[in-house]
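These are my notes from an afternoon of looking things up in one model. I began with charged pairs and then moved on to helices.

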Amino acid sequence: MALAAFENDFTEAAAMQMELFSEFAALPQAEVLISTAAAAQRGSELWQAVLPEAVRWLGEAVVQNWLRHLTPTGLSDDTLILAAPSKLMQDWVQNRYADDLLRLLRRMQPNLKSLHLHVDANVEMPAAPEVSAPAAEELPVLPMLNLGAPIDATRNFDNFVVDKSNQLAFEAARRVAASDKVEFNPLFLHGGVGLGKTHLLHAIANEITARAPQRRVIYLSAEQFMYQFIRALRDKDTFAFKEIFRTVDVLMIDDVQFIAGKESTQEEFFHTFNALVDQGKQIILSADKSPGDLAGVGARLTSRMGMGLVADIHATSYELRLGVLHARAERAAVKFSTEVLAWLSTHITSNIRELEGAFNRLVAHAQLTGAAITLEFAQRVLADQLRQQSRRISIDEIQKQVVQHFGLRMTDLLSPRRARAVARPRQLAMYLAKQLTTCSLPEIGRAFGGRDHTTVAHAVQTIDSLMANDAALADSCAALKRALA
Ligand code: ADP
Ligand code: MG
């Protein structure tokens, strides 16, 4: 229900946005564009006054690179006329900054209705003024902190366990957090649910805030971004919305896949993105898929999102799961045996979030009952969780999906054939059976044409170790899991 309402809101908001745009489009062209000396003088004064504001809201780079090269040539009651030295400059400013400029200008001259840009190659620009940013203490206090979501101080780099599956993402995140220099923009982290994307974003924010407290970091989910945008549209105040985003140093948007199919949000996101990149601000994004695989997101945006560094987080390995549990156990109030930790790592394989959930349930139960956490205790407490996993998915379904995915025949999958084209999918199917069902190794072996349990164990190990380096295999695995979910 809530979601449906949200969608309705959104359609309404999109309609409002159209209205806002057409408001500008429908404005009559300024009828008289004759520039008298006096008009030029008035225009010039207004323009000089607005430039420092533009520095404040659009950033120094935008002003130095673009706006500074415009020359005011006239001012009628309702139109400011600006000459640009080239068509490129005219288009660029018109498309990107005209709306913002107009609103800034209206703050000084409320009856101003439009901005007219024209090309005049003869316009002399020797007097283009040097414009500098206002001193820090003059900057307005922005409602910045209310916009983003809070940062969880307990998620940092120190308590993030690293192995092959997440090393690239981890290193990239640390690099971005360690310096103000923008090396890759954006940093795009992707991977399945519960694999540590949000943890890394929070770790970056915590590190930056500790190292450089003056830097403005905003963290929010793509859903919150959309919500803020809708609100801005409803309040007819998209300018404030833009101002806020364009004055950050680091913008992090989590779960970008959410904007799939939401075109107005994508449009706004695209502009925010460009504005920030232009100003050399760092953008960090996360999603459940790589930019290219984000269905329902426009190509213009996905190619932009793939421009920087794209780092993926693969499915967890047994070692990573065990490592995370060991780290947790060290800090836990209850004692865990290695045996129990190993058992958990073997049976809760979907992701770190589920693993932590299971771990926390054990701690809670142990504290409540005062019982020690033995293997039997763990099996009993988590029986439901494990049964649920296995009830959902059967080996049969896994085999059908794998056959379909790789274009094989079922008889191939169950046959003794060892050709790579058959053997690898078969191993993956066994791996999935181990991960997604609670069947034992011998049970799985039987379901695959009566194979030995050591064959199954070997298959699971092989896939586990290939996964970190074989992107195609990891993709197949992720696709199959989605199909089975
Ligand atoms: P995602 O955003 O990818 O869905 P999260 O970042 O929310 O996943 O991670 C889920 C939980 O697992 C969080 O509590 C997080 O702290 C923990 N977690 C994930 N990966 C790791 C890791 N490599 N080391 C330690 N904790 C992790
Ligand atoms: Mg997350």
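Is Asp180 buried, partly exposed or exposed? I looked up its relative accessibility, which is 38%, so Asp180 counts as partly exposed. I note here that the model is predicted.

**Entry 1: Asp180 and its partners.** I found that Asp180 forms a salt bridge with Arg215, with 3.5 Å between the closest N and O atoms. This pair links distant parts of the chain, 35 residues apart. Asp180 sits in the loop between α7 and β4, while Arg215 sits in the loop between α8 and β5. Arg215 has 18% relative accessibility and therefore counts as buried, since the cut-off is under 20%. I also noted a network of salt bridges that links Asp180, Arg211 and Arg215.

**Entry 2: other salt bridges.** I read off a total of 10 salt bridges in the structure. Side chains of opposite charge can pair when their charged atoms come close. One of the bridges joins Arg174 to Glu171, the closest N and O atoms being 3.8 Å apart. Both residues lie in helix α7, 3 residues apart, which is about one turn of the helix. Arg174 is partly exposed at 40%, and Glu171 is partly exposed at 36%.

I then looked at Arg300, which forms a salt bridge with Glu267 at 3.1 Å between the closest N and O atoms. Here the pair links distant parts of the chain: Arg300 is in helix α12 and Glu267 in helix α11, 33 residues apart. Arg300 has a relative accessible area of 43%, so I wrote it down as partly exposed. Glu267, at 30%, is partly exposed too.

**Entry 3: Asp100.** I located Asp100 in helix α5. Its relative accessible area is 4%, so Asp100 is buried. Beyond residues up to four places away in sequence, Asp100 touches Leu58, Phe239, Lys242 and Arg246.

**Entry 4: α13 against α14.** I checked how these two helices pack: the angle is about 135° and the axes are 9 Å apart. That angle makes α13 oblique to α14. The contact includes Leu322, Leu325 and Ala329 of α13, and Leu341 and Ala342 of α14. By class, the contact has 7 nonpolar, 4 polar and 1 charged residues. The crossing of α13 past α14 is right-handed.

**Entry 5: Ala329.** I followed up this residue of α13. Ala329 counts as buried because its relative accessibility is 17%. Leaving aside neighbours within four places in sequence, Ala329 is in contact with Val334, Phe336, Leu341 and Phe359. I also noted that Ala329 and Val363 are 34 residues apart in sequence and 9.6 Å apart in space, C-alpha to C-alpha.

Definitions and conventions. Residues are numbered from 1 along each chain as its sequence is written. Chains are lettered from A and ligands numbered from 1 in the order in which they are written. This is a predicted model: local features need pLDDT of at least 70, side-chain atom pairs count only at pLDDT 80 or more; totals for chains, interfaces and linings use all residues. Side-chain values use heavy atoms; hydrogens and water are left out. Helices (H or I, at least four residues) and strands (E, at least two) are DSSP runs, numbered from the N terminus. Buried means under 20% relative accessible area, exposed over 50%, partly exposed in between (1.4 Å probe, protein chains only). Contact means heavy atoms within 4.5 Å. Axes are lines fitted to C-alpha atoms, for helices over the stretch in contact, and angles run from 0 to 180 degrees between N-to-C directions. Angles under 35 degrees count as roughly parallel, over 145 as roughly antiparallel, 65 to 115 as roughly perpendicular and the rest as oblique. A crossing is left-handed if the near helix is turned anticlockwise from the far one by less than a right angle, and right-handed if clockwise. Ala, Val, Leu, Ile, Met, Phe, Trp, Tyr, Cys and Pro count as nonpolar, Asp, Glu, Lys and Arg as charged, and the others, Gly among them, as polar. A salt bridge is a side-chain nitrogen of Lys or Arg within 4 Å of a carboxyl oxygen of Asp or Glu.
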